[in-house]
Amino acid sequence: MWRKASRLVRETTSWKTRRQGQAEAPSAAVATIKPSTRTSTPIAHGLPIIITWSQLAIVAAVAVLLQCHVCQAAGRAPPEPYYGRYIGDFTNFAHGIKGQIYAVDESTLFVKSFAYDGTGPDAFFWVGKTPRPSPDGYIIPYPEEYTGMDPPILQAHNRTDIILRLPMGKRIKDIRWLSVWCRRFTVDFGEVFIPPNLDVPKPRVLPEFKRLAHGLRSSNISVLDAKTFYIPNLHYDGAGPDAYFWVGNGSEPNIMGIKVPNESGSLEPLRGYQGEDIEIQLPESLTVYDIDWLAVWCVEYRHNFGHVYIPRDLDVPPALGQTKITPSWWYSPTTTTPRPVYSNCREILPNKLQIKWELQGEYLQVELFGRITEDQYMAFGLSGANGRAQMSQSDVVVAFYDTTTRVFRAEDYFISDLSQCDGQRGACPDERIGGRNDVIVLSGDRKNGVTSIRYKRLLQPNEAIYDAPIPTDREVSVIAAIGPLNARKEANAHSHTASDHNQDDIRINFSARNDHACQSSLYDVKDESGPRPWPTRKIEGVRKFRASIGPTGGKRGYTSITGVPSWGIAWYVNDLLIPEITVERGLTYEFIIEGGNDPSQPARYHPFYITDSPEGGLGQKMGLEARKQKAYAGVEYDEDGNAIPTGGGRYCEWEHQTIDRSAEIDTFEEYMKTLVFKCEDGEPGYLNWTVPTNAPDQLYYQCFTHNNLGWKINVVDMGSSGGSKVSSHQFSFYGIFTVFSLVATSLPFFGHVLA
């Protein structure tokens, strides 16, 4: 609370300093014209402090703002110290039991200042759901990690802070009391009762990182507790020279932030990430209640690569050390490998659905991979009848991406019969028919047409009616399907075909290891159902080119031409998407460049250069990797051998008038009519290139700061060019089209006509 207040004072002082030059003249004028408006207050050394009424007004305003800000902070953050939701104090019956009990999260209790003399012969922390403590309960092991078959007997404690995790997937709502209980003599040494309908703190799922620059993206970020963020499927190209995880206050990320150590606790500039799951913790005494956003921020260039906002209505678990970085039950360590390494994999539906799994204690962790669209689900679970594939009476998990809430979901379903759920029967989520969703989503991702969702569920469920136990001592028949979602974001009952569910009896022993029957990844499956790609454009016999930025054309464009995934933008040369250019050795060519010239705006800074690298991105390469490619134009080198781009110019981009309609448009020419050409103020850059006589047959035009924006330059001997594939008349046509597009951005009427 006071951190926020002091921050406001610092920011106000900074504001006053910036305004000092403007404020001094009016203050002096007031002092000269109206001396009576000043007051003087003596201090210890006899020197007066002169304060004008305007300065007093500023101080008063700051005081009011400070008070409001303090009140606001107090309303947002729980009172400190914060241990969770208070349950009550132990009532002592014997052996000096003391302590205050708090609910940390759904399955964790915190005992503050626990005291016990340790003389009970068979005492344990004991919980149950009978009206009062009784033998009908079970142990909460403490310490949590121990050797041997049985939990250790409770030892003496004197004002010890203790974290208790409920075992076997139990939750606080499943118990009615906590006791220090002597099992041998069935004696209650001390007890506390759990209030009914206790609202416990819970982790909060946030949106993904906003995607602004350097390929930064993630799946939905979670606030695990008051200090810990879980960032799944993190992607970042690592090219920011001085980038860090960064938190602070305000409506947008800014320079007044604080560095957050990476997943290994280091404050070195961030490395690149390729779909990794990580956890980071806020430094020192900082909590999520003190900040407004989490960002990836480049300190040197003061640039925001992407961020996520922190809601003001958080009610997350306190940070008491109960959240361990990379806990084994959450996910396998991923700081060196992108995903957990599963030894088990089955392809249930050919080229459509794969399952990977492993046992983790009392849980089964599953990852589903499905070639599905965003309006489809994938389902996997135990067959309704062992020995055959039966959907009816099956216990399955339905997983999908919710486009409304922008989160990946996995729901516990019981299919009583093959019909729409009416709230009692049909293909129903357990929660709609009086049960509960016992599935825990760990992460999700969607790329290249494949949705992957990782979740875990108990081997021995807490519900006997709708959930079936998962045997680990034998094979069991499984069922899997894909299908459409309905308006409620539930599995829509429909008539199945042979390709969208398994008809044969497929059996799995979930305790098996190295049951790996998947021949290849679903990511490698060619999407035959996608739109037909546009043919590659070619330019020959042209000596003047204009290079600007534009969209990649979805599955019809960049990726289908190059075979390389795109990151959303690419070069347009003479208003064609990455055409193949043919040049002749010994001739000079002119390039008009409109890829941006402001390095502080990485998303709009794409210096043009010519290289022998099919990837480009020389500016983000270091050492040996940089020396692997040679620049033929658009790059100079300083005295230290550092590459300096020279192919900059104003930023111009072909933008979608509405949304990307490439999937529904058969020709590139029609697609261009859905785009509009926009330029920032400034002048284009110019690059004159005389093709060396010893140039190789294959070169590439690329972006200096990012990978994979350009395509091929075919180099031939002088006079060998095979004629003009795109003539100067066509170039003139595209130039006229560009002019009209620029006019359309200013004149709505013309924009309507052109559209």
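**A chat about the chain**

Guide: Happy to! Of the 755 residues in the chain, 48% are buried. Keep in mind that this is a predicted model.

Visitor: How many helices and strands does the chain have?

Guide: There are 7 helices and 45 strands.

Visitor: And what share of the contacts comes from residues 24 or more positions apart?

Guide: Counting contacts with a separation of 6 or more, 67% are between residues 24 or more positions apart.

Visitor: Let's go to a sheet. In what order do the strands of the open sheet with S12 run?

Guide: That sheet has 4 strands in the order S12-S13-S14-S17, with antiparallel pairing. At the edges are strand S12 (204-205) and strand S17 (273-281), each of which pairs on one side only.

Visitor: Remind me, what do strands of a sheet pair through?

Guide: Backbone hydrogen bonds, in either a parallel or an antiparallel arrangement.

Visitor: Okay, how many bridges join S13 to S14?

Guide: Strand S13 (residues 222-225) and strand S14 (residues 228-236) are joined by 3 bridges and run antiparallel. Within that pairing, Asp225 stands opposite Thr228 in S14.

Visitor: Which residues does Ser222 touch, beyond its neighbours within four places in sequence?

Guide: Ser222 sits in strand S13, and its contacts beyond those neighbours are Arg204, Val205, Thr228, Phe229 and Tyr230.

Visitor: Is Ser222 buried or exposed?

Guide: Buried: its relative accessibility is 10%, and the cut-off for buried is under 20%.

Visitor: Switching to backbone geometry. Which peptide bond is cis at Pro143?

Guide: The one from Tyr142 to Pro143, where omega is near -5 degrees. Pro143 lies in the loop between strand S8 (138-140) and strand S9 (157-165).

Visitor: How about His214, what is its phi?

Guide: His214 has a phi near 55 degrees, again a positive value in a residue other than glycine.

Visitor: Now the inside. How many cavities of 30 Å³ or more are there?

Guide: The count comes to 3.

Visitor: Which residues line the largest cavity?

Guide: The lining is made of Leu364, Val366, Phe380, Gly381, Leu382, Asp395, Val397, Tyr455, Arg457, Ile470 and Phe510. By class, that lining divides into 8 nonpolar, 1 polar and 2 charged residues.

Visitor: Which strands supply at least two residues of that lining?

Guide: Strand S22 (363-370), strand S23 (376-382), strand S24 (394-402) and strand S28 (450-458). S23 gives the largest share, 3 residues.

Visitor: And what lines the second largest cavity?

Guide: Trp534, Pro535, Thr536, Arg537, Arg556, Gly557, Ile561, Leu577 and Phe668. In terms of class, the lining has 5 nonpolar, 2 polar and 2 charged residues.

Visitor: One more. Where is Ala389?

Guide: Ala389 is in the loop between S23 and S24. Both of these strands also contribute to the lining of the largest cavity. Ala389 is partly exposed, with a relative accessible area of 26%.

Visitor: What is Ala389 in contact with, leaving aside its neighbours within four places in sequence?

Guide: Ser383, Ile479, Asn502, Gln503, Asp504 and Asp505. Take Ile479: it is 90 residues from Ala389 in sequence, but their C-alpha atoms are 5.9 Å apart in space.

Definitions and conventions. Residues numbered from 1 in each chain as written. Predicted model: local features only at pLDDT ≥ 70, side-chain atom pairs only at ≥ 80, totals over all residues. Heavy atoms only, no water. Pairing = 2+ DSSP bridges. Buried < 20%, exposed > 50% of the residue type's maximum accessible area, 1.4 Å probe, protein only. Contact = heavy atoms within 4.5 Å. 1 Å grid on protein atoms, 1.4 Å probe; cavity = no way out; pocket = protein on both sides within 12 Å on 5 of 7 lines; lining within 4 Å. Points joined across faces, edges and corners; volume = space filled by probe spheres on them. Nonpolar A, V, L, I, M, F, W, Y, C, P; charged D, E, K, R; others polar.
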